[in-house]
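Visitor: I would like to go through this model with you, one question after another. Could you show it to me before we begin?

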Amino acid sequence: MNYQILKNIVESELPRFKNIPEEEWSHKISPEKWSKKEILGHLCDSALTNIRRFVVTQYKENDNIVYDQDFWVKAQNYQNIPTDEIISLWKLLNLQIVHTVENIPDEALKRTCDTTKTTPQVFSLEYIIQDYIDHLKYHLKAI
């Protein structure tokens, strides 16, 4: 499954993160845009939400598990947390996803979860895992 891809992403990004100066992590191009720290914090929040989806969907089909990204980033105040703590959190959450995903039985990958805030729309666990990796890659390009 995709867990090896995710593990490779984590291992390749960590050295790159160390080369980004603190002022670059904290810089905001405008008050309403996220800094690199907030983007990485958003990826931590996404990991937390998706761990729940990856586990719950295996035993409870079509559960509605949503994520209000702007509220979560603001509520967790990533802009004022030391960058190395956010990097450590991101690393550990994604390694936990690797452990979780590699343990999902093949038959559970077809089970579905509703990830929408409004009109119910369900996605297979297999799709949600791939979408998580695609989402991660998208935001890592911004960092």
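This is a predicted model: local features need pLDDT of at least 70, side-chain atom pairs count only at pLDDT 80 or more; totals for chains, interfaces and linings use all residues.

Visitor: In which helix does cysteine 44 lie?

Guide: Residues are numbered from 1 along each chain as its sequence is written, and side-chain values use heavy atoms, with hydrogens and water left out. Helices (H or I, at least four residues) and strands (E, at least two) are DSSP runs numbered from the N terminus. On that basis, the element that holds cysteine 44, spanning residues 36-56, is helix H3.

Visitor: Is cysteine 44 buried or exposed?

Guide: The classes rest on relative accessible area with a 1.4 Å probe and protein chains only: buried means under 20%, exposed over 50%, and partly exposed in between. Cysteine 44 has a relative accessibility of 0%, and therefore counts as buried.

Visitor: Which residues is cysteine 44 in contact with, leaving aside its neighbours within four places in sequence?

Guide: A contact here means heavy atoms within 4.5 Å. With the neighbours within four places in sequence set aside, the partners of cysteine 44 are Tyr78, Ile86, Leu89, Trp90 and Leu93.

Visitor: In what order do the elements of the chain run from the N terminus on?

Guide: The chain has six helices and two strands. Read from the N terminus on, their order is α-α-α-α-α-β-β-α.

Visitor: Why is the chain described as being as compact as a globular protein of its length?

Guide: The comparison uses the radius of gyration, taken over C-alpha atoms, and the globule rule, which is 2.2 Å times the number of residues to the power 0.38. For 143 residues the rule gives 15 Å, and the chain is as compact as a globular protein of that length because its radius of gyration is close to that value, at 16 Å.

Visitor: What percentage of the residues of the chain count as buried?

Guide: The C-alpha atoms, taken along the principal axes, fill a box of roughly 45 × 35 × 20 Å. The accessible surface, computed by the Shrake-Rupley method with a 1.4 Å probe, comes to about 8100 Å², of which 52% belongs to carbon and sulfur atoms. Of the 143 residues, the share that counts as buried is 44%.

Visitor: Among contacts between residues at least 6 apart in sequence, what percentage join residues at least 24 apart?

Guide: The set considered here is that of contacts in the chain between residues at least 6 apart in sequence. Within that set, the share joining residues at least 24 apart is 73%.

Visitor: Which residues is histidine 139 in contact with, leaving aside its neighbours within four places in sequence?

Guide: Histidine 139 is found in helix H6, which covers residues 125-142, and with a relative accessible area of 14% it is buried. Leaving aside neighbours within four places in sequence, histidine 139 is in contact with Ile39, His42 and Leu43.

Visitor: Which residues does isoleucine 81 touch, not counting residues up to four places away in sequence?

Guide: Isoleucine 81 is found in the loop between helix H4 (69-76) and helix H5 (83-102), where its relative accessible area of 23% makes it partly exposed. The C-alpha atoms of isoleucine 81 and glycine 41 are 9.5 Å apart in space, although the two are 40 residues apart in sequence. When residues up to four places away in sequence are not counted, isoleucine 81 touches Lys37, Gln76 and Ile86.

Visitor: Where is asparagine 77 found?

Guide: Asparagine 77, a residue other than glycine, has a positive phi near 55 degrees. With a relative accessible area of 38%, asparagine 77 is partly exposed, and its place is the loop between H4 and H5.
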